[in-house]
Amino acid sequence: MGILSSPRNKIVFLVLLAIGFTVVMYFVTNYTLNQENASIARLIPEEAYLVILHDVFNKSISSLSKITFDDLNGKFTSQYVMVDGNGTIYRANQDTLQTDGIIGRTDSPISGGSHFGWEITTNNSKYYVDSTSGQIISISNSSIVTS
């Protein structure tokens, strides 16, 4: 006869198993929620430029799929920024998301709120692309640089 042969022992075993599973899931969930959210995919500047080519210059997806990052060298400049809800542009650190100072102004973001993203400069225009969603935040023909 085994240790789980009696109905009472089976019930105790199942209750202990359920409690153990619940405790393990609690620690896994707690650990996951306390981690920095590094799993959010962020655009790189070249991808932001491709968004601009598609959304602003109406380039087709099929033509963009043939472009390599080497083809984009020298076509634009970029810097990571935070665009505040009122259009104030702050230099930002891509890793820590800390802002470093006001570097200019643009129109208020199309979707409202503050956004971290890429300032892409090409053809004397500046485009602001959200680094998480890939949506264009704002477009400016010239920004006032306050350094």
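Is D100 buried or exposed? At 55% relative accessibility, D100 counts as exposed; the word means over 50% relative accessible area, while buried means under 20% and partly exposed lies in between (1.4 Å probe, protein chains only). Before we go on, note that this is a predicted model, where local features need pLDDT of at least 70 and side-chain atom pairs count only at pLDDT 80 or more, while totals for chains, interfaces and linings use all residues. Residues are numbered from 1 along each chain as its sequence is written, and side-chain values use heavy atoms, leaving out hydrogens and water.

D100 forms a salt bridge with R91, their closest N and O atoms being 4.0 Å apart. (A salt bridge is a side-chain nitrogen of Lys or Arg within 4 Å of a carboxyl oxygen of Asp or Glu.) R91 is partly exposed, at 35% relative accessible area.

Now look at the sheet. It is open and antiparallel, with 6 strands in the order β3-β2-β1-β4-β5-β6; strands are DSSP E runs of at least two residues, and helices are H or I runs of at least four, numbered from the N terminus. Two strands pair if DSSP finds at least two bridges between them. β3 (99–105) and β6 (136–140) stand at the edges with a single partner strand each, so one side of each lacks a neighbour in the sheet.

Helix α2 packs on this sheet and touches β1, β4, β5 and β6, contact meaning heavy atoms within 4.5 Å. Y49 touches L72, K75, F76, I120 and T122, leaving aside residues up to four places away in sequence.

Conventions. Axes are lines fitted to C-alpha atoms, for helices over the stretch in contact, and angles run from 0 to 180 degrees between N-to-C directions.
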